Each structure stands twice: as structure tokens, then as C-alpha cells.
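Open the model in your viewer and keep the selection tool at hand. We will go stop by stop.

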Amino acid sequence: MNAIAGYTFGTEQVTHSPLTLNDLELLKQTVLFTNEDERYLRLAGEVLEDQIDAVLDVWYGFVATNSHLAYYFSNAGQLNSDYLTAVRQRFAQWILDTCNRPYDRDWLNYQQEIGLRHTYAKKNQTDRVEATPHIGMRYMIAFIYPIAATIKPFLSNKGHSAEDVENMYQAWFKSITLQVTLWCAPYAKDAYF
Ligand code: HEM
């Protein structure tokens, strides 16, 4: 797992989240995330495991065909394909983490880290690239929908019942909403978050 460049989950290099585990619990309650969602995420993890490249092809295709999004992987109008490739491996790991990891202190800390990596504070540093230095918060939030909606066909590819697919999808949608909320912490003045 640690062979993925820049993937520092669980290490001392990861920023400490300013939130407590109780704060996390309240956010989970707010997005209606329950133990049952956790179980359906584990199932989603099994379903998605061997489809991750195909999922990422869809997401990367979406970014590539939207120049205002490709802009964040670019420098002076030139798309940096090394940067895209480096992030892709962490993205793949993130899909597995979303489904399989316990949402504990290490996980909470890595959410703060991922948030920072989208902002002026840390973007581009992990892969030592020169690219647009910050991703506007509005795109972080707006991205929740495509990241959620595009997963559904993949969840139904393994012959599960419509009900199971729907439950996996709802669990995924809640988790993405929860995570992007946590990623917005570095964007907000402390008391505003
Ligand atoms: C990094 C997911 C929004 C561009 C990442 C990583 C993940 C991720 C998992 C790698 C984290 C790591 O380093 O371990 C998501 C999700 C989003 C979102 C789930 C919203 C639902 C966006 C948007 C853009 C974007 C709107 C704009 C095109 C990037 C870039 C990096 C990155 C450029 C690399 C940052 C760096 O330099 O370290 N994202 N992202 N992301 N994402 Fe996002």
C-alpha cells in the first residue's frame, strides 16, 4: 500500500484534523450515515475492486473534457500527464479506503490532508509539480454529484439485487458528502466551519 507515491495515510506526515471523533460522529448523523451504510460500503468495495480502472477512466474523461477542470492539472494551458498519473494511483486507493477503512482518527486526519492537498496550502507539493495552485471550493462541492452518480452503473455490474445496488449507492453518496464536507475544513475560517 505504501508503494503509492505520496500516499501517507496513517503516517506522521499527515496533518492532524482539528475535529474530534465526536465532531465526526455528529457529521455522520447529519448525513444519516449508519452501521448499515458501513456494511454496504464493504459490499461496494468488493463490487468495485476489479472495476477501479474503469471508474477512473470515466472520472478522468469527465475532467479531460471540461477545460475548466483540466485547468487544475495544468500549467500555462498544458495538461501535465505525469501529475494526472500520480494522482490516479492515490485516487484508486481512495476508492478502496472509502469502502473498507474504519472512519477512525487516522482516517479523519487523512481527510484533512486530502482537503489541504486541494488548496493553496498543499496542492502540487506531493507530486512536486507546477500547476494551478488551488481548487475553488465551489468545484469541490459541485463534484459530489458526478462522483456519486457515475458510480451507480459500476455497482450494478455484479448481479446484485436492485435493492442492494440502491443501498450501496446511498452509502457511497453519504460517504462522499461526508468526506467533501471534511475537505472543506481547510477552506473555512475555524469558527465558520
Ligand atoms: C487529489 C478526490 C474534487 C483535482 C485528489 C485525491 C483524491 C481526490 C482521492 C488524492 C488524495 C491523496 O493525495 O491521497 C476528489 C473528490 C472530489 C474532488 C472525491 C469531489 C467530490 C476535485 C476537483 C478537482 C480536483 C473539483 C478539479 C479538477 C484534484 C487534483 C489533485 C486531487 C489536482 C491532486 C492534488 C495534489 O496536488 O496533491 N482528489 N477530488 N479534485 N484532486 Fe480531487
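Start at the ligand. Select helix α5, residues 81–100. In the shell around the ligand, α5 contributes the most, with 4 residues. Bear in mind that this is a predicted model.

Now show the whole shell. There are 25 residues around the ligand. Pick out Arg 90, Trp 94, Arg 117, Tyr 139 and Phe 143, which come nearest. Next, colour the elements that give two or more residues to this shell: α5, α6, α7 (137–142), α8 (144–149) and α10. What is the shell made of, counted as nonpolar, polar and charged residues? Colour by residue type to see 17 nonpolar, 4 polar and 4 charged.

**Zoom out**

How many helices and strands does the chain have? Count 10 helices and 2 strands. Trace the chain along its sequence and the pattern reads α-α-α-α-β-β-α-α-α-α-α-α. Along its principal axes, the C-alpha trace spans about 50 × 35 × 30 Å. The radius of gyration is 16 Å, which agrees with the value near 16 Å for a compact globule of 193 residues.

**Helices α2 and α10**

Select α2, residues 35–48, and α10, residues 162–183. Their axes come within 8 Å and cross at roughly 105 degrees. An angle from 65 to 115 degrees counts as roughly perpendicular, and therefore α2 and α10 are roughly perpendicular to each other. Show the side chains where they touch. On α2, select Asp 37, Tyr 40, Leu 41, Leu 43, Ala 44 and Val 47. On α10, select Asp 164, Asn 167, Met 168, Ala 171, Trp 172, Lys 174 and Ser 175. This contact of α2 with α10 holds 8 nonpolar, 2 polar and 3 charged residues.

**Helices α2 and α5**

Keep α2 and bring back α5. At what angle do α2 and α5 pack? The angle is about 145 degrees, and the axes are 7 Å apart. From α2, the contact takes Leu 41, Arg 42, Ala 44, Gly 45 and Leu 48. From α5, it takes Ile 95, Leu 96, Thr 98, Cys 99 and Asn 100. Sorted by type, the residues of this contact are 6 nonpolar, 3 polar and 1 charged. Leu 41 and Ala 44 of α2 are listed in the contact with α10 and in the contact with α5.

**Helices α6 and α10**

For the last stop, select α6, residues 105–117, and return to α10. The two pack at an angle of about 65 degrees, with axes 8 Å apart. That makes α6 roughly perpendicular to α10. Is the crossing left-handed or right-handed? α6 passes α10 in a right-handed crossing. Show Gln 111, Gln 112, Ile 114 and Gly 115 of α6, facing Gln 179, Leu 182 and Trp 183 of α10 in the contact. Here the residues divide into 3 nonpolar, 4 polar and no charged.

Terms used
Residues are numbered from 1 along each chain as its sequence is written. This is a predicted model: local features need pLDDT of at least 70, side-chain atom pairs count only at pLDDT 80 or more; totals for chains, interfaces and linings use all residues. Axes are lines fitted to C-alpha atoms, for helices over the stretch in contact, and angles run from 0 to 180 degrees between N-to-C directions. Angles under 35 degrees count as roughly parallel, over 145 as roughly antiparallel, 65 to 115 as roughly perpendicular and the rest as oblique. Two residues are in contact if their C-beta atoms, placed from the backbone, lie within 7 Å. Ala, Val, Leu, Ile, Met, Phe, Trp, Tyr, Cys and Pro count as nonpolar, Asp, Glu, Lys and Arg as charged, and the others, Gly among them, as polar. A crossing is left-handed if the near helix is turned anticlockwise from the far one by less than a right angle, and right-handed if clockwise. A residue is near a molecule or strand if its C-beta atom, placed from the backbone, lies within 6 Å of it. The radius of gyration is taken over C-alpha atoms; the globule rule is 2.2 Å times the number of residues to the power 0.38.
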